[in-house]
Amino acid sequence: MPDPKRRSCCPVSCTLDLIGDKWTLLIVRDLLLGRTQYKEFAASPEQIATNILADRLRRLTDQGIIEQVASTERAGRSTYRLTKKGKALKPVLQSITRWGLNHLEGTEVRLKPPAR
């Protein structure tokens, strides 16, 4: 039975509805690089607005791509991590990265995992 919330059953369309905006994959990128805290996502060079960041984290959590867990470093704080479903996006990001490096002049990989 088709999901009434979806525009179609096309897997490209359904995937883009979930991760196709300009912020969601950047959050996944940061998680893959080892960032786990809200403040780390907010400090990314793309400068995501805090209201959008909060919305995307909530959406990714609701869809089972990330999970929010209590911080082991600071009481009362949360951290985020990718679920198995979220980790499955790694080859997608790797392909997008390779495509950008090969086809978009001036692109380069600058972000590194945070020092801990």
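**Exercise 1. How many salt bridges does the count come to?**

Solution. This is a predicted model. A salt bridge here needs a side-chain nitrogen of Lys or Arg within 4 Å of a carboxyl oxygen of Asp or Glu. By this rule, the count comes to nine.

**Exercise 2. Work out what the salt bridge between Arg56 and Asp21 ties together.**

Solution. Start with the distance: the closest N and O atoms of Arg56 and Asp21 are 3.1 Å apart. Arg56 lies in helix 4 and Asp21 in the loop between helix 1 (11–19) and helix 2, so the pair ties together parts that are 35 residues apart in sequence.

Now look at accessibility. Buried means under 20% relative accessible area. Arg56 has 13%, so Arg56 is buried, whereas Asp21, at 23%, counts as partly exposed. Leaving out residues up to four places away in sequence, Arg56 touches Asp21, Trp23, Thr24 and Ile27.

**Exercise 3. Is Arg29 buried or exposed, and which residue is its salt-bridge partner?**

Solution. With a relative accessible area of 18%, Arg29 is buried. Arg29 pairs with Glu46, their closest N and O atoms being 2.9 Å apart. Arg29 sits in helix 2 and Glu46 in the loop between helix 3 (38–42) and helix 4, so this bridge ties together parts 17 residues apart in sequence.

**Exercise 4. Find the residues that line the largest cavity.**

Solution. The search of the whole structure gives one cavity of 30 Å³ or more, and the volume of the largest is about 50 Å³. Its lining includes Arg29 and Glu46. Sorted by class, the lining has five nonpolar, two polar and three charged residues. Helix 2 (residues 24–32) gives the most, with four residues.

Key
Residues are numbered from 1 along each chain as its sequence is written. This is a predicted model: local features need pLDDT of at least 70, side-chain atom pairs count only at pLDDT 80 or more; totals for chains, interfaces and linings use all residues. Side-chain values use heavy atoms; hydrogens and water are left out. On a 1 Å grid over the protein atoms alone, a cavity is a set of points where a 1.4 Å probe fits but cannot get out, and a pocket is an open set with protein on both sides within 12 Å along at least five of seven lines; lining residues have an atom within 4 Å of a point. Grid points are joined across faces, edges and corners, and a volume is the space filled by probe spheres set on the points. Helices (H or I, at least four residues) and strands (E, at least two) are DSSP runs, numbered from the N terminus. Ala, Val, Leu, Ile, Met, Phe, Trp, Tyr, Cys and Pro count as nonpolar, Asp, Glu, Lys and Arg as charged, and the others, Gly among them, as polar. Contact means heavy atoms within 4.5 Å. Buried means under 20% relative accessible area, exposed over 50%, partly exposed in between (1.4 Å probe, protein chains only).
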